[in-house]
Amino acid sequence: MAPSTTSKKGGAGLRHLLLLCLILLPSRLSQPLPAPSPSPAASPSPAPPTSPLSPFNDRLEAAYIALQAWKHAIIEDPKNLTENWCGPFVCNYTGIFCTAARDDPHILTVAGIDLNHGRIAGYLPDHLGLLADLALLHLNSNRFHGTLPGSMSHMHLLFELDVSNNLLSGAFPSFLTSLPSLKYLDLRFNRFDGELPDGVFGGKLSLDALFANDNKFNVTLSSGTLANSTASVIVLANTELTGCLPPTIADMADTLVELVLLNTSISSCIPPEIGKLRKLKVLDLSRNALAGELPESIGDMESLEVLNVAHNQLSGVVPTSICMLPKLRNLTVAGNYFCGEPVSCLHVPLRDDRMNCIPEWPHQRTHEECIAFEHRPPVHCGANGCILHHPL
């Protein structure tokens, strides 16, 4: 939980504090906090005010209204995190972080809220839109229901939004795709449904990390969606994906570091262009309906540390180049129909190749299963990454 400027509660707030210091112009806080070393590329900061920031101004008055409305929308607070949310000094509230306003270093404002792991029950009221200077909103592991209020569209400085592991539902909050500063979006483990809009992967929104897994979203893969993303981390596990892995996935070569599409019902080939993702460290395509062979080009992914393609319908031989990757630490190809694996794969620290058709290898499929697979119609992959003749 990120600390209040006068709260006695500690925790894992250092990361949030440093991030806030980078987002907001550094200046005097309501209670002095250690500042990071200035970046050589950063422009000079304005001189701090000569007198302490006043705890009374229009923005803090608006914050008081918003936080009191929120407190009344809370029906259970088992850890009493909002117990001291009383009186006009909102910067003293547990979980509330105040700093100088970005547009006026002489004005104190609420810039961060962290109520992680509070198991708070209630809903998020429309009054939250009054917190227009908010840069961080962390509410994971609570029991908030309903949806995100549309008034949050006024949070033009919002940089990190984490509402994971709650009871939120309804369609994807469309206003999120118009927040110009949003870089980190975590919606996982909720009950959102409907289409995940294309705007999440591009347009006005330029996310660095997207976690939308374990909801009821539908995502359509095409050359104009996933490949447009600027994110370094994309996790869509346990959602419903339609379409095929497009060759344009290579367009994310300069940014993508982690891609997790576990259990998303993708019926596709793996396009050879995926080998251009040379910054990718984690690739998890397990528990889908991928078919064809594992592209040799994956051996060009020099940063790859984890490759998981388990429980698909892949066949052929595991390419030697993959097992020679310098940073590969985890190779999981279990539950496919591979008929060969190079000896070099034995040197991968964590390896799982069970339930394939590799001769004289332990824990493989039965001979009958492997023969039956060999008699299926051959798989042909189209230029768009789709399977032209799906296995029976």
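Q: Before we start, what counts as a disulfide here?
A: A disulfide is a pair of cysteine sulfur atoms within 2.5 Å. This is a predicted model, where local features need pLDDT of at least 70, side-chain atom pairs count only at pLDDT 80 or more, and totals for chains, interfaces and linings use all residues. Residues are numbered from 1 along each chain as its sequence is written, and side-chain values use heavy atoms, with hydrogens and water left out.

Q: OK, how many disulfides by this rule?
A: The count is 5. Counting bonded cysteines along the chain, the pattern runs 1-2, 3-10, 4-9, 5-6, 7-8.

Q: And which cysteine is in no disulfide?
A: That's C339; the nearest cysteine sulfur belongs to C357, 8.0 Å away.

Q: Is C339 buried or partly exposed?
A: C339 is partly exposed, at 43% relative accessible area. Buried means under 20%, exposed over 50%, and partly exposed in between, using a 1.4 Å probe and protein chains only.

Q: What does C357 pair with, then?
A: C370, with S to S at 2.1 Å. That link is left-handed, with -95 degrees about the S-S bond. C357 is buried at 15%, and C370 is buried at 10%.

Q: Switching over, which way is the C244 to C386 disulfide handed?
A: Its S-S torsion is about 110 degrees, so the disulfide is right-handed. C244 lies in the loop between strand 14 (240-242) and strand 15 (258-260), and C386 in the segment after helix 4 (367-374), so the pair ties together parts 142 residues apart in sequence. Helices (H or I, at least four residues) and strands (E, at least two) are DSSP runs, numbered from the N terminus.
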